[in-house]
Amino acid sequence: MTDAGLTFTFGIEEEFFLVDPQTRDIIADPNPAIIEQCQRTCGPHSVVPEFLRSQLETNTRVCASITDLRMALTETRRLVAEAAAAHGARVMATSTHPFAAWREQLVTPKQRYREFEIQMQEVVRRFLVGGMHIHAGFGDPDSRIRVMTAARRYLPLFIALSASSPFNAGSYTGFSSYRSIVIGALPRTGMPRAFGSQAEFDDLVTEYRRAGSLRDSSELWLDIRPHNAFPTIELRICDICPRMDDAIALAALYAATLRWLQRRDASEGLPPEPSTEIIIENCWRARRYGTLAFIGDAEHGGHRDIADSVEALLAEVAEDARALDCERELCRIPSILRDGSSADRQVERYRLSLLDGADRREALHAVVDQILAETCAGISDA
């Protein structure tokens with residue numbers, strides 16, 4: 001395969017909460033001037049309202065490299081942080097708010113969202129979660145589908161590394177990534193089956209449409225999927241990372257993994273597929289235990305810890321990281337395992353606050369303060 005056949009483009013979507021800096025709670029009905037300012041100043045990026053008024057979504061421009069993606073993500077984070085601050089709010093990058101109540105949230109007044117609420121009822125009203133979606137454009141439709149299928153086995157690693165949702169509605173859930181537990185109540189979510197071609201995926205979408213279940217594949221909310229409008233494979237399983245460096249590291253790992261698999265697809269062939277059920281089991285373990293998880297080893301049997309699995313993947317994709325010029329970003333991946341994910345840091349902050357004499361409310365406020373600081377670190381002077 002020529003270098004031209006290994007050309008990649010990238011983009012990231014991030015879903016933020018709007019938070020009151022005094023109460024640390026989510027702002028259920030934020031000033032509409034926040035989104036208006038974002039949309040006036042977003043330039044080549046886009047900022048759109050989310051299903052709940054208390055959230056907004058950023059979409060970076062299409063980027064030609066991971067270095068370019070870092071610049072774009074800095075720009076989108078900066079513009080939403082500045083717009084929120086101008087109107088008495090702050091933006092928070094975490095996949096659940098530590099103590100906000102879903103019953104107090106308001107739905108964005110948009111026809112599609114109204115229809116969605118009517119159809120899904122309380123399942124979607126509880127949908128107080130945010131995520132990070134990483135897009136990678138490459139190859140032709142069939143090669144993208146084959147690579148997407150092969151990438152499924154690595155999704156537990158992305159869950160563990162990105163986990164940022166250990167708390168929900170004021171409770172420590174015992175999960176590192178509780179976000180996907182909430183999402184799982186919706187239909188058409190979770191792990192896709194193994195697809196061998198774009199036609200196979202299109203046939204599934206056609207079946208759903210004939211059954212009256214969806215309008216297009218954008219309503220097929222899978223953990224990884226071909227995008228309905230762009231020639232990309234969209235990784236949707238990650239929690240949003242408070243630290244931007246972690247988000248870029250995960251994008252670099254995703255890019256290098258896809259490039260490695262694309263090369264394998266064009267040469268010796270992709271590795272044999274593990275069963276979808278084992279991948280799903282490994283994803284559950286990663287959600288529950290995060291960076292401390294042990295996952296099933298479909299190739300050799302038994303299980304091994306996340307750190308060993310990540311180390312093995314980093315070794316496999318080293319050549320591709322060099323080709324994509326993202327070796328520096330990948331160097332951060334082992335530090336996430338060593339120092340902990342956002343979920344690890346949140347739980348530690350909570351427990352240390354309790355040990356220092358804080359009550360539960362004060363400890364949860366300390367967690368929010370930590371996340372808010374991490375979300376905007378490094379963007380004002382970047």
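Helices (H or I, at least four residues) and strands (E, at least two) are DSSP runs, numbered from the N terminus. With that in hand, let us walk through this model, which is a predicted one.

Most residues other than glycine have a negative phi. Is Arg-188 buried or exposed? At 12% relative accessibility Arg-188 counts as buried, because the cut-off for that is under 20%.

Another arginine deserves a look alongside it. Arg-24 is not a glycine either, yet has a positive phi of about 65°. You will find Arg-24 in the loop between strand E1 (9–19) and helix H1 (33–41). Its relative accessibility is 22%, so Arg-24 counts as partly exposed.

Now turn to Thr-94, in the loop between strand E4 (90–92) and helix H3 (111–120). Thr-94 counts as buried because its relative accessibility is 0%. What does its side chain meet there? A polar atom of the Thr-94 side chain lies 2.6 Å from the backbone oxygen of Ser-164, and the backbone oxygen of Thr-96 is 3.4 Å from a polar atom of that side chain. Setting aside neighbours within four places in sequence, Thr-94 is in contact with Phe-17, Ser-164, Ile-240, Gln-346 and Ile-371.

From here we can move on to the nonpolar interior. In soluble globular proteins, nonpolar side chains tend to be buried together. In this model the largest nonpolar core has 88 residues, and Ile-66, Met-132, Phe-158, Leu-235, Tyr-254, Leu-330 and Ile-333 have the most contacts inside it. Helix H9 gives the most to this core, with 14 residues. Apart from it lies another core, of 29 residues, including Phe-17, Val-19, Val-367 and Ile-371. To see the surroundings of one member of the 88-residue core, select Leu-235: beyond four places in sequence, Leu-235 touches Met-132, His-133, Ile-134, Leu-155, Phe-158, Asp-223, Ile-224 and Tyr-254.

Finally, consider how H9 packs against another helix. Two packed helices are described by the angle between their axes and the distance between the axes. For H5 (residues 141–151) and H9 (residues 244–266), the angle is about 115° and the axes are 9 Å apart. The crossing of H5 past H9 is right-handed. On the H5 side, Ser-143, Arg-146, Val-147, Ala-150 and Ala-151 meet Leu-258, Leu-261, Gln-262 and Asp-265 of H9. The residues of this contact divide into five nonpolar, two polar and two charged.

Note on methods: Residues are numbered from 1 along each chain as its sequence is written. This is a predicted model: local features need pLDDT of at least 70, side-chain atom pairs count only at pLDDT 80 or more; totals for chains, interfaces and linings use all residues. Side-chain values use heavy atoms; hydrogens and water are left out. Axes are lines fitted to C-alpha atoms, for helices over the stretch in contact, and angles run from 0 to 180 degrees between N-to-C directions. A crossing is left-handed if the near helix is turned anticlockwise from the far one by less than a right angle, and right-handed if clockwise. Contact means heavy atoms within 4.5 Å. Ala, Val, Leu, Ile, Met, Phe, Trp, Tyr, Cys and Pro count as nonpolar, Asp, Glu, Lys and Arg as charged, and the others, Gly among them, as polar. A nonpolar core is a set of buried Ala, Val, Leu, Ile, Met, Phe, Trp, Tyr and Cys residues joined through side-chain atoms within 4.5 Å. Buried means under 20% relative accessible area, exposed over 50%, partly exposed in between (1.4 Å probe, protein chains only). A polar contact is a pair of N or O atoms within 3.5 Å; within protein, one must be able to donate a hydrogen and the other to accept it, and residues adjacent in sequence count only if both atoms are side-chain atoms.
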